[in-house]
Structures are given as C-alpha cells and as structure tokens.
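Work through the exercises below with the structure open. Try each task before reading its solution.

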Amino acid sequence: MRVLAVETSTLAGGVALLDGERLVGEYLLDVRATHSERLMPTVDRVLADAGWKPAELDGLAVAVGPGSFTGLRIGLSAVKGLALALAIPIAAVPTLDAMAAGLPFAGLPVCPVIDARKGELYASLYRWDGRGMAREWDYLALSPDALSARLTEPVIVMGDAAAAVGSPHARPAPPHRRVPSPAAVGVLGLARLAAGHTVTATDLVPIYLRPSEAELKSRAVALH
C-alpha cells in the first residue's frame, strides 16, 4: 500500500511516503514559513523524487492534532482535497500518538508535549506495552506546572515545548526526536488503513482541546 503522510501540527511540518513498511521518503522543515506556502510544493517534490504519480497512491494519513489551529486546518484541507480528487481513503492520526510512536521500546514512559500557547501545553503519557506505545492519559491542555505535578517518575519528554516542563523527573529526548514525524504519522496511518479504520473527507476533523482564538473572539462579539 502506497501512502502519503502529512504532518502540520506544529512549525516542524512535513510529508512522508511509505510503500508498505518501507519508508520511501520524508521531508521535514522546522521553520516559520507557513504551511500554506510550503505544503503542496513539498508534496509535489517528494512524489517527484520518488518517481510516483498522485494516482498511484492508495491512501492518505494525516496528523489531526492537538496542535496549531492554523496548521491543522491547512493540512486537513490539503488531505481532503487529495482524497476527493484521487478517491482514496484517509487515516486520521492523533499527533501525540504519532510522536510517542517515534520512541518504541522505551524503558521509561514517554510524554509528548506541544506548545498550546496562552501558557498551556498539549500533552499525554505513553508506555511501551510490548506491542506499541499505549496511551495512559487523555489528550490534555494544561499549564506547565500542572503537567510537572503529574510526573511522579522519570519520564522522557519530547516535543517543541519539552523545555517548559520543569519537573525533576523530565528526561528530554534528543533533538531529532523532539519534533513530530511525518513518517510516524505514516506508520500509524498505514496500520489504520490496513485495518479499515478510515474516515471520509467529509468526516475528517481535527482534535481541538479548546476553542481557537477566532472562536473566542466570535463568542466575545456575540456576547456584546
């Protein structure tokens, strides 16, 4: 199964191609250029480098958050358009799940942490159970202090906000494991596609743990 994976949850966005269990290519760029500027050119580039045509894709995988409101909307919109144009299924992959999947076999629990802005973090906790990274917490939006208070044993922290976790139990992952991986989104997406756990373009929605800034402003206007 040939799969295109898209990750736009944070600034470190990118795409990956998988042919079954073989990672064909991955493009990751952690810069402040917006995903609207670089996502589709990146998709075109990785397909061209692999010698694939869009019509040869069998499925799509996309990170659905939590993460940047704007980034997620851009990524999901692009995937919806591709799915409709190519008539192929979509696998929706939670961003924190994909991040934790990048550290399989870890002897310590793993806590992916994403900057949620407004003094909060998105986070969850995972532990290797012999088959995969099993999630032990809900997807949370909480303050750095609240997250630190939850860590009662040594934990590997990863993600763009790992440095904000002040707990003495925090063990920062190396730099190359701190950003979301399009390839990890693809690996989890491939398993979902193979199992038939797919969504249509109409049903594809992001995981939002709180209202966006635009929604908050809209509510404020409505109240006045």
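**Exercise 1: A loop residue and its ring neighbours**

A106 counts as buried, because its relative accessibility is 18% and the cut-off for buried is under 20%. The model is predicted.

Task: find where A106 sits and which residues it touches beyond four places in sequence.

Solution. 
- Step 1. A106 is in the loop between α3 and β6.
- Step 2. List the contacts. Not counting residues up to four places away, A106 touches W128 and I156.
- Step 3. Check the separation. A106 and M133 are 27 residues apart in sequence, yet their C-alpha atoms are 8.9 Å apart in space.

**Exercise 2: Classify an aromatic pair**

Task: decide how the pair of F105 and W128 is classed.

Solution. 
- Step 1. Count the pairs. The structure holds 2 aromatic pairs.
- Step 2. Take the geometry of one of them. The rings of F105 and W128 are 4.6 Å apart centre to centre, with 55° between the planes.
- Step 3. Apply the cut-offs. Stacked needs planes under 30 degrees apart and edge-to-face needs over 60. The pair is therefore tilted, at 55°.
- Step 4. Locate the partners. F105 is in the loop between α3 and β6, W128 is in strand β8, and 23 residues separate them.
- Step 5. F105 is exposed at 62%. W128 is partly exposed at 26%.

**Exercise 3: Charges over rings**

Task: which ring does R135 lie over, and which does R150?

Solution. 
- Step 1. R135 lies over the face of Y139, 4.1 Å from the ring centre.
- Step 2. R150 lies over the face of W137, 4.8 Å from the ring centre.

**Exercise 4: Describe a pocket**

Task: describe the volume and lining of the second largest pocket.

Solution. 
- Step 1. The volume is about 470 Å³.
- Step 2. The lining has 23 residues, and A98, A101, G102, A184 and L188 lie nearest the centre.
- Step 3. Elements that give two or more residues to this lining are β3, α3 and α5.
- Step 4. The largest share, 6 residues, comes from α5.
- Step 5. By class, the lining has 15 nonpolar, 4 polar and 4 charged residues.

**Exercise 5: Backbone angles**

Task: what is phi of A87, and what is phi of K118?

Solution. 
- Step 1. Phi of A87 is near 55°, a positive value in a residue other than glycine. A87 is in the loop between α2 and β5 and is exposed at 70%.
- Step 2. Phi of K118 is near 55°, again positive in a non-glycine residue. K118 is in the loop between β6 and β7 and is exposed at 57%.

Note on methods. Residues numbered from 1 in each chain as written. Predicted model: local features only at pLDDT ≥ 70, side-chain atom pairs only at ≥ 80, totals over all residues. Heavy atoms only, no water. 1 Å grid on protein atoms, 1.4 Å probe; cavity = no way out; pocket = protein on both sides within 12 Å on 5 of 7 lines; lining within 4 Å. Points joined across faces, edges and corners; volume = space filled by probe spheres on them. Helix = DSSP H or I, 4+ residues; strand = E, 2+ residues; numbered from the N terminus. Nonpolar A, V, L, I, M, F, W, Y, C, P; charged D, E, K, R; others polar. Phe/Tyr/Trp six-rings, centres within 6.5 Å; stacked < 30°, edge-to-face > 60°. Buried < 20%, exposed > 50% of the residue type's maximum accessible area, 1.4 Å probe, protein only. Lys NZ or Arg CZ within 6 Å of the ring centre and 35° of its normal. Contact = heavy atoms within 4.5 Å.
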